[in-house]
Amino acid sequence: MNYIPLNITSETAQLKTVILGIGTDQGEPYEINPVAKMHKQQGTYPKPEDIEEEINEAKLALEKAGVEVLQPDNLKEKKQIFTRDIGFVIDDRFVIANMKEPLRQGEIKGIERIMSQFNPEKIVRIPDGATIEGGDVLVHGNHVFVGISKRTNRKGFDYLKDQFPNKTFHALELVVSDDPKVNILHLDCAFQPVGEKYAIFYEEGFVHKPEIIYDLFGTDNLIRIDQEEKNLMFPNIFSIGPNDVLIEKGFTRLISELEARGITCHKVKYFETSKLSGLLRCSTLPLVRV
Ligand SMILES: NC(=O)NCCC[C@H](N)C(=O)O
């Protein structure tokens with residue numbers, strides 16, 4: 001059997017294969033995070049057809065960039081937009097997340113067909129009691145950053161760390177709040193490496209000053225954002241290569257910052273989907289970067 005050669009050692013190496021979410025048959029609106037709840041209450045919850053259209057636009061942009069795009073099988077009345085959280089690759093292993101949020105727990109079934117193309121010896125399962133979601137995990141060479149959030153707990157962190165003894169793990173506690181303006185759902189809503197040496201960074205999203213981010217990137221290479229930009233989901237763009245990102249077309253200031261650093265911005269509309277508290281990183285599960 002020719003297994004998919006899983007390989008993820010960074011956020012930014014050239015992307016070859018990715019699982020992109022789907023927007024079909026989404027079921028009822030949910031309130032599982034403060035931002036989605038806010039939009040539901042104020043009548044601005046995104047329409048399923050708009051989400052579907054945005055995902056299709058992202059798919060076309062990925063394919064245009066030469067990326068192989070895989071997608072989940074549809075599950076009845078289930079949101080399967082944010083594939084990032086249901087599993088993730090570190091080096092050549094696929095970790096099946098143990099999702100905290102009950103409404104999202106069944107999503108993994110939608111990618112079983114794709115998972116059957118992974119070497120079974122390279123699949124890691126998180127045990128009961130330990131929770132971890134892919135949005136809280138960022139691989140950066142020998143380092144792995146893990147957000148401790150409402151969705152990812154210490155047990156999840158400890159278990160993951162033990163599975164990869166050759167990596168250095170960093171637990172970063174995130175600000176959890178019912179206030180949509182303040183809450184950080186996952187680590188990738190406050191921080192993401194980008195380009196050859198930069199990172200998008202919302203410092204107020206961390207309970208303690210994340211010294212390790214300063215140490216590894218250097219103060220001058222941090223692209224700082226404010227609360228409003230955090231809420232638009234600036235940190236949640238998606239790298240498709242060392243100098244190429246997929247980005248929401250309305251992120252004008254970030255686009256200028258990235259272009260000034262030699263990073264090409266492939267712009268798509270993703271504003272409606274972002275109302276569920278996820279953007280392009282959340283919607284993608286990279287399997288192979290080269
Ligand atoms: N990595 C992420 O931040 N994923 C976004 C997930 C949004 C989804 N509505 C959720 O609350 O689980």
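Let me start with a definition: a residue is called buried if 20 or more other C-beta atoms lie within 10 Å of its own, exposed if 12 or fewer, and partly exposed in between, with C-beta atoms placed from the backbone. What you see is a predicted model, in which local features need pLDDT of at least 70 and side-chain atom pairs count only at pLDDT 80 or more, while totals for chains, interfaces and linings use all residues. Residues are numbered from 1 along each chain as its sequence is written.

With that in hand, is Glu77 buried or exposed? Glu77 counts as exposed, because it has 9 C-beta neighbours inside 10 Å. Its phi is positive, about 50°, although it is not a glycine. Glu77 sits in the loop between E2 and strand E3 (87-90); helices (H or I, at least four residues) and strands (E, at least two) are DSSP runs, numbered from the N terminus.

Asp25 also has a positive phi, near 50°, in a residue other than glycine. As background, most residues other than glycine have a negative phi. Asp25 belongs to the loop between E1 and H1, and it is partly exposed because 14 other C-beta atoms lie within 10 Å.

Next, helix H1, residues 34-42. Its buried residues are Val35, Ala36 and His39. Seen down the axis of H1, these fall within an arc of 100°, so they line one face of the helix; the arc is that of the directions from the helix axis to the C-beta atoms. After H1 comes Gly43, with a positive phi near 75°.

I turn to the sheets, where two strands pair if DSSP finds at least two bridges between them. Strand E1 (residues 15-20) and E2 run parallel and are joined by three bridges; the partner of Ile19 in E2 is Leu70. Contact here requires C-beta atoms, placed from the backbone, within 7 Å, and angles run from 0 to 180 degrees between N-to-C directions of axes, which are lines fitted to C-alpha atoms, for helices over the stretch in contact.

Another open sheet of three strands has the order E12-E13-E14, again with mixed pairing. E12 and strand E14 (264-268) stand at the edges with a single partner strand each, so one side of each is left without a neighbour in the sheet. Strand E12 (residues 238-241) and strand E13 (residues 244-248) are antiparallel, with three bridges, and a hairpin of two residues joins them. E13 and E14, by contrast, pair in the parallel sense over five bridges; Ile247 has Lys267 as its bridge partner in E14. H2 packs on this sheet too, touching E12, E13 and E14, at about 150° to the direction of E14.

Finally, which residues are closest to the ligand? They are Asn33, Gly135, His186, Gly278 and Cys282, from a shell of 17 residues, where near means a C-beta atom, placed from the backbone, within 6 Å.

Terms used
Two residues are in contact if their C-beta atoms, placed from the backbone, lie within 7 Å.
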